[in-house]
Amino acid sequence: MQVFVTGASGFIGSAVVAELLGAGHQVVALARSATSADALTTAGAEVLPGSLDDVETLRRGAAAADGVIHLAFNHDFENYAGAAETDRRAIEAIGDALAGSDRPLAVAAGIVGLQSDTVATEADDLAPVVPRLSESAALPLAEKGVRVSVVRLSPTVHGQGDYGFVPRLIDIAREKGVSAYPSDGTNRWPAVHRHDAARLFRSALESAPSGARLHAVAEEGVPTREIAEAIGRGLGIPVRSVSADQVSDHFGWLGAFFGLDAAASSDVTRALLNWTPTGPTLVDDLARHYFD
């Protein structure tokens, strides 16, 4: 299969490209910089220069492909609404190119924001106030003849080269000289290793039914206290609780996420696609790769 991939040079995207190539697929990767293009060419992908703002290039890349994996998203927390709108337009452009073909489109989305009082499942809907529009833009494409699936990523996708939430937590702990967790630290974050997430994207592309909502979750919920303790061990600093009214002051913008209880399961995904995560746990991975 020739697969068009956006976000191919990123932390997750580079693992997806390797997974696809290793399975015998060809990859055409969107690249907005010469540095990204060089890395993707070295990895064995063909490069299509362009960006998420360039909807005509997105349409062209999708039209020429047998399937698409859409990973790119501009995590601009100062203008998140603008980033979400760019993502919506990109998904709709890709969907226009695939309409009526029954070709697959796997779209990255998030687990945080699902409406569940316990452990969120694939059947749970996103709360209406969730600002990211990836899922709501993608799923209606099933009615337009696109075999679309949404891969809801854990808030922590970990592994060597991670530059997401956990490295920021480590930076905060270094800056403050203490590794903290919210309240009693029992609120939970789902986690998945990047290579397990990459395998799920490939499986979604190859065989997910249209309209599927999939969970890239290896661990249903790692207590934030365990994450803080692992960071404390890695840095050799004390670990302590931060009260609910101090979370924002201590963690900044990240406090809004780290204070959530966002446990989620992947039982349906595992059964549907025979997906079994094999990577290390988040705490084990922290000890291996995050404090070099």
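View 1. Thr269 is buried, with a relative accessibility of 1%; buried means under 20% relative accessible area, exposed means over 50%, and partly exposed lies in between (1.4 Å probe, protein chains only). This is a predicted model, in which local features need pLDDT of at least 70 and side-chain atom pairs count only at pLDDT 80 or more, while totals for chains, interfaces and linings use all residues. Residues are numbered from 1 along each chain as its sequence is written, and side-chain values use heavy atoms, with hydrogens and water left out. Thr269 belongs to helix H11 (residues 267-273). Helices (H or I, at least four residues) and strands (E, at least two) are DSSP runs, numbered from the N terminus. A polar atom of the Thr269 side chain lies 2.8 Å from the backbone nitrogen of His215. If neighbours within four places in sequence are set aside, Thr269 is in contact with Glu122, Leu200, Arg213, Leu214, His215, Asn274 and Trp275; contact means heavy atoms within 4.5 Å.

**View 2. Strand E6 between its pairing partners E5 and E10.** Seven of the seven residues of strand E6 (residues 147-153) are buried. Arg147, Ser149, Val151 and Leu153 point one way from E6, while Val148, Val150 and Arg152 point the other way. Two strands pair if DSSP finds at least two bridges between them. E6 pairs with strand E5 (residues 104-110) in the parallel sense, over seven bridges. Strand E10 (residues 212-216) also runs parallel to E6, and five bridges join the two.

**View 3. Aromatic rings around Phe257.** Rings of Phe, Tyr and Trp (its six-membered ring) pair if their centres lie within 6.5 Å; planes under 30 degrees apart count as stacked, over 60 as edge-to-face and the rest as tilted. By this rule there are seven aromatic pairs. One of them is the tilted pair of Phe165 and Phe257, at 5.1 Å centre to centre and with 35° between the planes. Phe165 lies in helix H6 (residues 165-176) and Phe257 in helix H10 (residues 255-258), so this pair ties together parts that are 92 residues apart in sequence. Phe165 is buried, at 17% relative accessible area, whereas Phe257 is partly exposed, at 23%. Trp253 and Phe257 form an edge-to-face pair, because their ring centres are 6.3 Å apart and their planes stand at 80°. Trp253 is partly exposed, with a relative accessibility of 42%. Phe165, Trp189, Phe251, Trp253, Phe257 and Phe258 make up one aromatic cluster.

View 4. Which residues of helix H12 (residues 282-289) are buried? They are Leu282, Asp285 and Leu286. Seen down the axis of H12, these buried residues fall within an arc of 105°, so they line one face of the helix; the arc is that of the directions from the helix axis to the C-beta atoms. The buried residues of H12 pack against strand E7 (156-158), H6, strand E9 (188-193), strand E11 (219-223) and helix H8 (224-235). Ala287 and Arg288, on the other side of H12, are exposed.

Conventions
A polar contact is a pair of N or O atoms within 3.5 Å; within protein, one must be able to donate a hydrogen and the other to accept it, and residues adjacent in sequence count only if both atoms are side-chain atoms.
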